[in-house]
Amino acid sequence: MIHSSENHVKSEISFTVNGEQRVVRASSMERLLDVLRGQLGLTGAKEGCGEGECGSCSVLMNGSLVNSCLVPVLQAEDANIVTIEGLAQEAQLHALQEAFLECGGAQCGICTPGMILAAAHLLSKKPDPTLEEIREGLSGNLCRCTGYVQIFEAVARAVRRAEIASFS
Amino acid sequence: MNRERIVGSAVPRKEGREKVTGQARYLDDMVLPDMLYGATVRSQIPRGRIEKIEFKPGIAWDEFVIVSAKDIPGKNCIALIGDDQPCLASEFVNHPEEPVILLAHRDRYALRKAVDSVSIECKSLPAIFTIEESERCSEIVWGSDNVFKTYRIDKGDVDEVWSKAAYIVEGEYRTGAQEQLYIENNGMIASYDAGKGVTVWGSLQCPYYVHKALMALCSLPAEKVRVVQMETGGAFGGKEEYPSMIAAHAALLAIKSGRPVKMVYDRAEDMAATTKRHPSRTRHRTAVSADGKILSGEIEFTIDGGAYATLSSVVLSRGLIHAGGPYYWPSVRISGKAVATNAPPHGAFRGFGAPQSLFAMERHMDRIARVIGLSPIEIRRRNFLKPGQMTTTEQVVREPIDLEKLLGRALGLSDYHAKRERFARENRTGTTRRGIGIAAFLHGAGFTGSGERYLSSVVGVEGCANGGIRVLVSSTEFGQGTKTVLCQIAAEALGLRYEDVTIAQPDTMQVPNSGPTVASRTVMVVGKLVESAARGIQQTLRAVGLIGDSYSADEFRAACRSYIGEHRQLRSWARYEPPLGIFWDDQKYRGEAYAAYSWAVYIAEVSVDLTTYSVSVKDFVALQEVGKVFHPVLAIGQIAGGVAQGIGFALYEKVIWQKGRMQNNQMTNYIMPTSSDLPPIRVFFEELGNVHGAFGAKGIGELPMDGPAPAILNALEDALRVPFDSIPLLPEDIFEALTAQPSAIESEIASEAR
C-alpha cells in the first residue's frame with residue numbers, strides 16, 4: 001500500500017462512520033487510518049507501528065476488528081465503520097469504557113481506544129468469555145503500561161454488569 | 001476534617017474519561033495552520049568524517065526547508081549534564097543514527113524520498129561496538145580512554161578477608177539493550193515568532209530539560225522558550241532526554257521556515273534512533289563464610305553508554321548503589337564504569353541501571369547458595385539487611401523493614417515450598433520442566449545522593465475563581481497517575497474533595513520547575529511539596545480569618561472565592577529542602593544515597609517445553625513495601641506493568657545489533673509480551689510508611705522492573721539445573737546451553753567449591 005501524497009489521483013469514496021454517512025476524496029490506496037484522522041478528525045485511532053502489529057489503530061469495519069493502518073480506504077467503500085468516538089452514547093459511556101476507567105484498564109491511554117474496540121468486538125462474538133478467551137481475544141492489541149491484568153478485569157467487569165442488567 | 005479519606009482510595013483518574021473516549025489529545029492529533037512536516041537525514045555509518053553532503057537530482061529541493069549545523073543560532077549541542085552530544089553532526093559522526101540534515105515540506109509523504117536523496121559521504125573510521133572493545137582502547141572514540149565516568153564505593157577492608165573465607169564465589173552476568181517501546185512514538189511540534197520566541201508541544205517527560213536544551217541551542221532567554229507537554233502515550237524513561245533532540249530539530253526547522261513544523265517519528269525510526277536501556281556486564285567475587293554469611297566482595301559494574309555521555313553517569317551511579325542488593329556487606333568494593341561505543345547513546349529506562357546490577361546480584365545469590373549447599377531462601381535469609389545495619393554506602397537503615405517477614409509472606413503466597421518439591425519430583429519425566437525462583441531487592445526513591453538538593457524543585461498551588469484549587473507542577477502524566485495522585489495529596493492536605501482539585505497541564509509558561517518526572521520521585525518528593533504548598537493556601541485563608549480551624553469543603557471554596565475576589569490571586573509555593581540528618585559525600589560515594597527505599601520479594605514460576613525450548617511464566621507473585629499505597633488501582637497497575645516489562649527484558653526483548661545499528665527495529669521482530677504471553681501477575685503490598693514522603697509515600701514506578709528477570713532466571717535454573725547468566729534468554733540460547741553442556745552445574749560446582 002502507498003501512503004497518500006498530494007500527487008495521487010483522488011476519487012470520492014463513501015462509507016458510514018459511527019452511524020453517519022460520510023463522503024471523502026481520497027486516493028484509493030490511502031490508508032483508512034489517515035482518512036479517519038486527517039479528513040474526518042477522528043483522532044481516537046492511533047498509529048503505533050504502521051504495520052498491523054500493535055492494534056492501536058483498531059476500528060470496527062462491518063463488525064470485524066481491523067487495523068486501519070492496513071486497510072486501503074477503497075476497501076471501506078460502503079462499509080459500516082465504528083471508531084472509539086462512536087462507542088459512547090452522548091454523555092453515557094459504554095459499559096467497557098466505564099469498566100476500563102474503574103479497573104485501571106487505561107494508563108497512558110494510547111492503546112486504549114483500540115483495546116476497547118477489540119474488547120467490544122470480542123464481546124459481540126462471545127458475550128460471556130472465559131479469561132483465556134479474553135487473553136486470546138485481545139492478543140492483537142499491545143499495551144506497554146498495564147501488563148494487561150487490569151484490562152482483563154475491566155472486560156470481565158463489563159461482562160458481569162451486562163449479565164446483571166439482562167437478569168434484572 | 002476527615003483524615004486519610006482520599007489518599008488510599010481509588011478515585012477516578014483525572015484524565016481517564018478523555019482517554020477511554022478517544023478525546024485525549026496526543027501530539028500527533030494536533031495540527032496547526034500552515035504546518036510543515038519535518039524529517040531527519042542520519043549518518044549511515046558508525047564512525048567517520050563527513051566529507052561531502054549531496055542533494056541528488058530528481059527532487060524539487062526548492063520546495064524543501066533544509067537545515068544543517070550551520071543554521072544553529074546558539075551552541076550545537078543537546079545540553080543535558082555535559083554538552084558532548086551535537087544537535088546536528090557537522091564534521092564527525094559517531095554512531096549510525098546521528099542526525100546530520102533536517103528537511104521540512106508541507107506534504108509529509110514527499111519527505112521519505114527526499115531523505116533518501118540526501119547523500120552524506122563520509123571517510124569511514126574504525127568503530128567499536130562492545131564493552132570489551134571499548135576497554136581494549138585499540139580505538140579511542142570518546143575522550144582519552146573511552147570512559148565516560150567511573151565511580152567507586154569502598155566500605156571497610158576488602159583485601160584482608162579473602163584468606164578467611166570458606167568459599168569464594170565468582171560470576172559474570174550480562175544484560176542486553178532494551179527498547180522502551182511506548183506505543184506512542186516520539187514527536188514534537190515547534191513554532192517560532194520573533195517576538196515570542198520558540199514554542200514546542202511534545203510527547204515528553206521533562207519539560208524543563210527541553211527548555212534548557214532549547215535555550216542553549218537557540219541562544220534565547222528563558223522567557224522566549226516555551227515547552228508544553230501534550231498527553232503522552234507511554235514513556236518509561238524513553239521520553240526523558242531524547243525529546244530535547246527532536247524539539248531542537250523541530251525548532252530549527254520552524255525558525256528557518258517561519259512556519260510551525262511537526263516531527264513525528266515512525267516506529268522504525270523511533271526504535272533505531274532513540275535511546276534504549278544500557279547493556280551491562282557485572283562481575284562478582286564474593287567471600288562467604290562456612291555458614292553462608294557474606295563476608296566481603298568485589299563487584300565490577302560496567303555499562304555501554306553508546307556514542308555520547310548523555311545520562312550514563314547517572315545511570316551508572318544508580319546501578320552501582322543498587323549493586324549490593326538488599327544484603328548486609330561487612331565490607332565491599334564496588335567499582336563502576338560507563339564506556340563509549342559507536343551505537344546511538346543509551347539512556348533512561350525504568351529502573352535506570354538498577355535492573356542491570358540487581359539482575360547480577362540476584363543471580364549471584366543463587367550461585368552462592370548452590371556452591372555452598374544452601375537453599376536460595378536460606379542464603380538470602382542469612383544475609384538480609386536489618387534495621388540499624390549499614391548499606392554499601394554506609395547509610396544506616398532506619399526504616400523498620402523486615403525482609404525475612406516479607407520473604408515468608410511471598411513464599412506463602414506463591415506456595416513456594418510445595419511447588420519446588422513437586423517440580424523436582426515431576427521434572428524427572430516428561431517433556432516439560434518446571435521451576436520456581438526468587439528475587440529480593442530494593443529501589444531507592446528520588447534523585448541519588450545530593451541530586452534533589454541540586455534540583456531544588458518548586459511546586460505551586462493556586463486558588464481558582466470558582467473556589468477550587470489547582471496544582472502547578474512540571475511533573476508529567478504519562479500513564480503512571482501523576483495528575484490523579486498529586487490532586488489526591490492536595491485534597492487530602494486541605495480537607496477538600498478530590499473533585500475540588502485540578503492540575504495544570506505542564507507548560508513552562510504556567511508551571512514552576514518541579515524537576516523531571518523520573519527516578520520514582522513524583523509522589524514522594526514532588527508530592528511532599530504539593531502538600532506543603534497546599535498548606536500555605538490554608539494558612540493564608542486562616543490568617544485573614546476566612547476559614548477557621550475546621551471547615552467544610554464548601555466553606556473552603558467560599559473562602560477561596562472571596563479571597564480571590566478581593567486580592568485577585570491566591571497562590572502558594574514550596575521549594576525542596578533536604579531532610580535533616582541526610583548526609584551524602586559525592587566524592588567518596590558514601591552516606592544517605594536515598595531518603596527512602598522500597599523493598600520487594602518477587603517469585604516466578606516457569607515451565608520449559610523441552611521440544612521447543614520455549615519458556616512460559618506460569619505464575620508471578622510481586623510483594624512489595626512501597627510506603628503508603630495512595631491509590632490501590634494505580635499502584636497495582638504500576639507493579640503489573642513493570643513486571644510485564646521485566647518479563648520482556650528476561651525472555652523476549654532482544655535488540656539485534658549490526659555495526660551499532662538496530663536491525664530488528666519493528667514490532668514484528670522485536671517482541672514484547674502480548675496478553676497471551678503473560679502469567680497472572682499477582683500484586684501484594686506491605687505498608688510501612690515513610691517519614692520523608694507526603695502521607696508516608698515512597699517510590700513505586702521503577703521498583704517492579706528490578707525483580708522479574710532474576711526471579712525468572714533463578715526459576716529456570718531450578719527447572720533445568722543449568723545456570724543462565726545473560727539476558728535476554730531466548731529459546732535458542734536454552735537449546736544451545738542444554739545440548740552443549742548437559743551437566744553444567746556439576747562441573748561448575750566442582751570448580752568453585754574449595
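This is a predicted model: local features need pLDDT of at least 70, side-chain atom pairs count only at pLDDT 80 or more; totals for chains, interfaces and linings use all residues.
The crossing of α4(B) past α5(B) is right-handed, that is, the near helix is turned clockwise from the far one by less than a right angle. On the α4(B) side, the contact (C-beta atoms, placed from the backbone, within 7 Å) involves B:Y209, B:V210, B:A213, B:L214, B:L217 and B:C218. Its partners on α5(B) are B:P243, B:S244, B:A247, B:A248 and B:A251.

Turning to the whole chain, chain B holds 20 helices and 28 strands, taken as DSSP runs (H or I, at least four residues; E, at least two) numbered from the N terminus. Buried residues, those with 20 or more other C-beta atoms within 10 Å of their own, account for 59% of the 754 residues in chain B. The C-alpha trace of chain B spans about 75 × 75 × 50 Å along its principal axes.

Residues are numbered from 1 along each chain as its sequence is written, and chains are lettered from A and ligands numbered from 1 in the order in which they are written. Local features need pLDDT of at least 70 and side-chain atom pairs count only at pLDDT 80 or more, while totals for chains, interfaces and linings use all residues.

Note on methods:
Two residues are in contact if their C-beta atoms, placed from the backbone, lie within 7 Å. A residue is buried if 20 or more other C-beta atoms lie within 10 Å of its own, exposed if 12 or fewer, and partly exposed in between; C-beta atoms are placed from the backbone.
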